[in-house]
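The report below is meant to be read side by side with both.

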Amino acid sequence: MLSLGDVLANVVRAVLGGLFVLAGVLKLQSGGQFAIEIANYQLFPSLAPYLAVALPPIEVLAGVALVIPGWRRAGALCITGLLVMFTVAVTTVRLRGINVDCGCFGGDSGPITWWTVARDVLLLALAALLSLRSDRPKA
Amino acid sequence: MTHTMPRAMAIAVLGALVGVGFNAVRRDGIRPSSFAPPAVCDGESQKQAGLISPAEAASLCGRTDVLVADARTPARFAEGHVAGAVHLPCQGDADATVLALDRLRGHHTVIVYGDSTSEAQAVAASILRREPALDVRVLAGGFPAWSQAGQACASGPCESCEVTLPATSTAPLP
């Protein structure tokens, strides 16, 4: 019998996993455009093409792992790492006052606002909680 | 869970490898060696663009190899701009930036202007860094000097700019 906490954790895993799979697929579709959007952050522009190649499939795999028993914590840990990176990036963009497109879900994701930062912090908190939570329901 | 960290690393490594493989086979894949980040607005350049007076700039208007580019906000552009000028989307989405850079390449001379000389200088320097062969000039005194000199102006949004941000935002130039 699953506890309420287990059910909630599974719902969060499904939502967060789905979100990351969607974000990864949309970024894969936008291709070179995503590299330009990363470069626009003006953090490490020379790394932009490499990040644009590697990040989308990592997001998809981590999102899928989040709902596979035995891989859930690993998926959550991976997503936590990604979200730390994303949150730092969007926060520095806001603090520097740069107006760039987010690129969070491929092209036309809209500009980065403090709501983008708040959303990333919320997702980061959820992912961190899931990465600390046991993979299997208590017996 | 001693397997968590190695498995998370495995996801990251496998994802990166899948990405490299997928990128290699797709026709529009990213080529890191030839990737040039858009740099219209970052102001990092050793080269300085020369100044051009409103009268001299006006004498170049109408030449097909000369492009006049507005480096101000979309809102300021809509309020009034040099007739025939294109808007450089310093705060716009990446699509618009790429489009603007493509436009610049087809010209011999690009005259950049802002609300002041200094506003346009950083943008002009960035264009020079990206397109060193271009003859990039900065309109001395910016748009105020142009309109005070009684040169041709137009108003209205830039139809091809597709700038996605609020019209009230301002562009901080580093």
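Predicted model: local features only at pLDDT ≥ 70, side-chain atom pairs only at ≥ 80, totals over all residues.

In chain A the secondary structure comes to five helices and zero strands, so that the order of elements from the N terminus on is simply α-α-α-α-α. Chain B has six helices and seven strands, and along its sequence these follow the pattern α-β-α-β-α-β-β-α-β-α-β-α-β.

Burial has been worked out for each chain as well: of the 139 residues in chain A, 49% are buried, while in chain B, which has 174 residues, 39% count as buried. A further question is how far apart in sequence the residues in contact lie. Among the contacts in chain A with a separation of 6 or more, 69% are between residues 24 or more positions apart, and for chain B, again among contacts between residues at least 6 apart in sequence, 77% join residues at least 24 apart.

**How the helices of chain A pass one another**

| Helix pair | Axes come within | Crossing angle |
|---|---|---|
| α1(A) and α3(A) | 7 Å | roughly 155° |
| α2(A) and α3(A) | 8 Å | roughly 125° |
| α1(A) and α5(A) | 11 Å | roughly 125° |

Take the pair α1(A) and α3(A) to begin with, whose axes cross at roughly 155°. Angles over 145 degrees count as roughly antiparallel, and α1(A) and α3(A) are therefore roughly antiparallel to each other. The crossing of α1(A) past α3(A) is left-handed. On the side of α1(A) the contact includes A:G17, A:G18, A:F20 and A:V21, and on the side of α3(A) it includes A:L55, A:P56, A:P57 and A:E59. Sorted by class, the residues of this contact between α1(A) and α3(A) are 11 nonpolar, four polar and two charged.

Helix α2(A), which covers residues 32–40, and helix α3(A), which covers residues 48–65, cross at roughly 125°, and that angle makes α2(A) oblique to α3(A). Their crossing is right-handed. Here A:F34, A:A35, A:I38 and A:A39 of α2(A) meet A:A48, A:P49, A:L51 and A:A52 of α3(A), and the contact of these two helices consists of eight nonpolar residues, with no polar and no charged ones.

Helix α1(A), residues 4–30, and helix α5(A), residues 114–132, also have axes that cross at roughly 125°, which makes α1(A) oblique to α5(A). This time α1(A) passes α5(A) in a left-handed crossing. The residues that meet are A:A9, A:V12, A:R13 and A:L16 from α1(A) and A:L123, A:L126, A:A127 and A:L130 from α5(A); by class, this contact has seven nonpolar, no polar and one charged residues.

**Two residues of chain A**

Is A:L130 buried or exposed? Because A:L130 has 23 C-beta neighbours inside 10 Å, and 20 or more are needed, A:L130 counts as buried. A:L130 belongs to helix α5 of chain A, and, leaving aside its neighbours within four places in sequence, it is in contact with A:A9, A:V12, A:R13 and A:A76. Between A:L130 and A:A76 there are 54 residues of separation in sequence, yet their C-alpha atoms are 5.8 Å apart in space.

A:G18 lies in helix α1 of chain A, and with 14 C-beta neighbours inside 10 Å it counts as partly exposed. A:G18 and A:L66 are 48 residues apart in sequence, and their C-alpha atoms are 9.2 Å apart in space.

**Two helices checked for length**

Helix α4(A), residues 72–96, has 25 residues, which at 1.5 Å a residue should span 36 Å, and its end C-alpha atoms are 36 Å apart, so the two values agree. Just after α4(A), A:G97 takes a positive phi of about 75°.

Helix α5(B) is mostly covered, since 10 of its 14 residues are buried; among them are B:E119, B:A120, B:Q121 and B:A122.

Conventions: Residues numbered from 1 in each chain as written. Chains lettered and ligands numbered in written order. Buried ≥ 20, exposed ≤ 12 C-beta atoms within 10 Å, placed from the backbone. Helix = DSSP H or I, 4+ residues; strand = E, 2+ residues; numbered from the N terminus. Axes fitted to C-alpha atoms, helices over the stretch in contact; angles between N-to-C directions. Parallel < 35°, antiparallel > 145°, perpendicular 65-115°, else oblique. Left-handed = near helix turned anticlockwise from the far one by under 90°. Contact = placed C-beta atoms within 7 Å. Nonpolar A, V, L, I, M, F, W, Y, C, P; charged D, E, K, R; others polar. Expected span 1.5 Å × (residues − 1).
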